[in-house]
Amino acid sequence: MYDLIQVGENTYYIESPVNVGIYVDSTKEEKEAWIIDTGLDLRMGKRIAKHLQANGWKPKAIINTHCHADHIGSNAYLQKEFGIPAYSNGMDCRFIENTILSPMALWGSYPPKVLQTPLFKAPDSSVRDISEADLPQGFEVINFPGHSLYMIGLRTPDDIVFTADMLCSPFVFEKYGIAFNYHAAGYFRQLDEAEKLEAKLFVPAHGEPFTDIKALTEINRKAVLSVKNLIAEICRTPHTFDELIQALFNHYNIPLTLGQYAVTGSTVRSYLTWLYDEGIAEPLFENNLMRWHTKQ
Ligand SMILES: [Zn+2]
């Protein structure tokens, strides 16, 4: 854990719970390192700095694949240490600049303290749009909307693709049952695009690198559909949102906590959006109680 692993001529990643990518631009006199995501907190920032220093690489810039706290946690530390810019995509930039927005989006209002801990809220950092980055020649930005609204993947000139949180490893489904998505329907559609990608190697943010993107896409597609179908099935009998959460957590045998309620609850709402927008489920109101109901 936390070793620097070489996966291409100039492409590396630091193996950790949230893998950190490093692309070294060796065309420059002093080799420059592009850092892809910065982990959960400043401890990861210190590890990144140590690896760069040990190899004589000058930090050039950070690219955040998306705005989630475990991908931007040491932006502020690295920017303070090295004065480097950070880049991300679209509205995710606003969430990186104002990190209260992530727990606010999960909770739907001012979030309690437990949702402002490092797992949910990183320190604010300054960030520019990826379109402004002077990327090394051959670098490609790949749009992966759905998990967060504007998530991106990155292909380095060595043909290594960092897939961010686009494809979950099977262990995520085993542990959580339902993988986080901001926009489940959009994510599901995006899987069709992800499946077509070709690369020498794919490096996800969580888990081991892989080569067979089709197999992993299929696992994710099935997982998303099984959650969608399960919610539709449960709501054949009208359920309040909290009853639905209870049924899902019981089904997956996961203990409910406030954090899980916020994260998985947010994802379940996005599935309800999907089912409602497709006309499969509808909200019923009775005695000022809202229940979700799957139409027959
Ligand atoms: Zn994420």
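**Reading the helices**

Reply: Start with the buried residues of helix 10: Ala262, Thr264, Thr267, Val268, Tyr271, Leu272, Trp274 and Leu275. Buried means 20 or more other C-beta atoms within 10 Å of the residue's own, exposed means 12 or fewer, and partly exposed lies in between; C-beta atoms are placed from the backbone. The model is predicted: local features need pLDDT of at least 70, side-chain atom pairs count only at pLDDT 80 or more, and totals for chains, interfaces and linings use all residues. Residues are numbered from 1 along each chain as its sequence is written.

Me: What covers the buried residues of helix 10?

Reply: The cover includes helix 5, helix 7, helix 8, helix 9, strand 12 and strand 13. Helices (H or I, at least four residues) and strands (E, at least two) are DSSP runs, numbered from the N terminus.

Me: Which residues of helix 7 are buried?

Reply: Ala184, Tyr187 and Ala194. Seen down the axis, the buried residues fall within an arc of 55°, so they line one face of helix 7. The arc is taken over directions from the helix axis to the C-beta atoms. Exposed Arg189 and Asp192 sit on the face turned away.

Me: How do I describe two packed helices?

Reply: Use the angle between their axes and the distance between the axes. Here the axes of helix 1 and helix 3 come within 8 Å and cross at roughly 45°. Axes are lines fitted to C-alpha atoms, for helices over the stretch in contact, and angles run from 0 to 180 degrees between N-to-C directions.

Me: Which residues meet in helix 1 and helix 3?

Reply: Leu42, Gly45, Ile48 and Ala49 in helix 1 meet Tyr77, Leu78 and Glu81 in helix 3. Contact means C-beta atoms, placed from the backbone, within 7 Å.

Notes
Two residues are in contact if their C-beta atoms, placed from the backbone, lie within 7 Å.
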